[in-house]
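Please keep the sequence and the 3D view open as you read.

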Amino acid sequence: MSKKSKRNNAKQDNTMLAILIVMLVVSFVVIVFLFYKYFYSGISTSKYGDTRLEGIENYKLSDTLSEDISSIYKDEKSVNKVNVTTEGRIIYISLDFKESIKVDTAKNLAIKALDKVGEENLTYYEIQFILTYSGEDENTNFPVFGSKNSNSLKVVW
């Protein structure tokens, strides 16, 4: 082989090696970008996404909603504890009964809390009820779960 053909082969090998290195670097950059986009691009947004809480500023809940709902049950001797929490568009209302009570009576007591939420807010927020029993007597009817969708007027038990 002549020196010229050896140089051409070496030049072709170097060119091919350079092309492969460029392809490797481009592939690595694309993979890093896709990993970043998949794992870190949504970190700064709300845990509910961009549209889930849209318009929530138009449906303000009372700052004393928990106390207002608890006040409904303060004279009710069968109710042990009331807990109200709000997360996003869902209001969780937990009622714990200390006396054995019929399930229908417990459901009717729970529904009274809807008045304190407000009629306009009931069309935006979903309400979740959890009725429990912590009394001495045995009662297998509890826990009872209920839900009121924002698109419905009824509570489904």
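Is Phe35 buried, partly exposed or exposed? Phe35 counts as partly exposed, at 49% relative accessibility; the scale used here calls a residue buried under 20% relative accessible area, exposed over 50% and partly exposed in between, with a 1.4 Å probe and protein chains only. Before going on, please note that this is a predicted model, in which local features need pLDDT of at least 70 and side-chain atom pairs count only at pLDDT 80 or more, while totals for chains, interfaces and linings use all residues. Residues are numbered from 1 along each chain as its sequence is written, and side-chain values use heavy atoms, with hydrogens and water left out.

Back to the rings. The structure holds seven aromatic pairs, and one of them is formed by Phe35 and Phe39, which are stacked with 5.9 Å centre to centre and 10° between the planes. Rings of Phe, Tyr and Trp (its six-membered ring) pair if their centres lie within 6.5 Å; planes under 30 degrees apart count as stacked, over 60 as edge-to-face and the rest as tilted. Phe35 and Phe39 are about one helical turn apart because they lie four residues from each other in helix α1 (residues 3-40). Phe39 is also partly exposed, with a relative accessible area of 49%. Tyr38 joins in too: its ring centre is 4.8 Å from that of Phe39 and the planes are at 85°, so this pair is edge-to-face. Tyr38 itself is exposed, with a relative accessible area of 66%. Phe35, Tyr38 and Phe39 together form one aromatic cluster.

Now step back to the whole fold. The protein has four helices and four strands, where helices (H or I, at least four residues) and strands (E, at least two) are DSSP runs, numbered from the N terminus. Along the sequence they follow the pattern α-α-β-β-α-α-β-β. Of the 157 residues in the protein, 25% are buried. The accessible surface comes to about 11500 Å², and 54% of this belongs to carbon and sulfur atoms; these areas come from the Shrake-Rupley method with a 1.4 Å probe, and for residues only the protein chains shown count as cover.

Strand β1 (residues 79-87) and strand β2 (residues 90-97) run antiparallel and are joined by eight bridges; two strands pair if DSSP finds at least two bridges between them. Asn83 has Ser94 in β2 as its bridge partner. The two strands form a hairpin with two residues between them, and Gly88 in the turn has a positive phi of about 65°. Another local feature involves Arg89, whose charged end sits over the ring of Tyr124, 4.1 Å from its centre. A charge sits over a ring if NZ of Lys or CZ of Arg is within 6 Å of the ring centre and within 35 degrees of the ring normal.

What lies inside? The largest nonpolar core has 28 residues, and those with the most contacts inside it are Ile69, Ile91 and Phe97. Such a core is a set of buried Ala, Val, Leu, Ile, Met, Phe, Trp, Tyr and Cys residues joined through side-chain atoms within 4.5 Å. The elements that give two or more residues to this core are α2 (65-72), β1, β2, α3 (103-111), α4 (114-117) and β3 (126-133). In soluble globular proteins, nonpolar side chains tend to be buried together.

Phe97 is in strand β2 and is buried, with a relative accessible area of 0%. Leaving aside neighbours within four places in sequence, its contacts (heavy atoms within 4.5 Å) include Ser78, Ala106, Leu109, Leu131 and Phe142. Ser78, in the loop between α2 and β1, is buried as well, with a relative accessible area of 7%.

Finally, visit Leu122, in the loop between α4 and β3. Leu122 is buried, with a relative accessible area of 15%. Not counting residues up to four places away in sequence, Leu122 touches Leu114, Val117, Ile127, Lys148, Asn149 and Ser150. Leu122 and Ser152 are 30 residues apart in sequence, yet 8.8 Å apart in space, C-alpha to C-alpha.
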